[in-house]
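Trainee: Could you show me how to read contacts and charged pairs in a model? I'd like to go through one step by step.

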Amino acid sequence: QSNWTQYRTTAETLRHEKYMYQTKTGVYKNEEDGFALLVERCETIISSENVNWANLQTDTSERKENKK
């Protein structure tokens, strides 16, 4: 359940970025190279998701080892 919630949050955040880019609002309003900014921001969101996933995997592995 926790994983799904986090994935859904990431998906919605990416969708929001897409809409802001397409409508040239928010951080994209006065940006000359909006596409480069979109890529940078999406990479940051995805990278953050990957870090969260890796931390969760580490925590799960540690709990399994502690039960032995």
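Mentor: This is a predicted model. Let's start with contacts: setting aside neighbours within four places in sequence, Thr 10 is in contact with Ile 45 and Glu 49.

Trainee: Where does Thr 10 lie, and is Thr 10 buried or exposed?

Mentor: Thr 10 belongs to helix α1, residues 2–23. Buried means under 20% relative accessible area, so Thr 10, at 11%, counts as buried.

Trainee: And which residues does Glu 49 contact?

Mentor: Apart from neighbours within four places in sequence, Glu 49 touches Gln 6, Tyr 7 and Thr 10. Glu 49 itself sits in helix α2, residues 34–67.

Trainee: How far from Glu 49 is the nearest side chain of opposite charge?

Mentor: To call a salt bridge, you look for a side-chain nitrogen of Lys or Arg within 4 Å of a carboxyl oxygen of Asp or Glu. For Glu 49 the nearest side chain of opposite charge, Arg 8, is 12 Å away, and this buried residue has no salt bridge.

Trainee: How many salt bridges does the structure hold?

Mentor: Three. Arg 8 meets Glu 12 at 2.9 Å, N to O, and Glu 12 meets Arg 15 at 3.3 Å. That links Arg 8, Glu 12 and Arg 15 in a network.

Trainee: What about Glu 17 and Arg 41?

Mentor: Their side chains form a salt bridge at 2.8 Å, N to O. Glu 17 is in helix α1 and Arg 41 in helix α2, so this pair ties together parts 24 residues apart in sequence. Glu 17 is buried at 4% relative accessibility, while Arg 41 is partly exposed at 29%.

Technical notes
Residues are numbered from 1 along each chain as its sequence is written. This is a predicted model: local features need pLDDT of at least 70, side-chain atom pairs count only at pLDDT 80 or more; totals for chains, interfaces and linings use all residues. Side-chain values use heavy atoms; hydrogens and water are left out. Helices (H or I, at least four residues) and strands (E, at least two) are DSSP runs, numbered from the N terminus. Buried means under 20% relative accessible area, exposed over 50%, partly exposed in between (1.4 Å probe, protein chains only). Lys and Arg count as positive and Asp and Glu as negative; His and the chain ends are not counted. Contact means heavy atoms within 4.5 Å.
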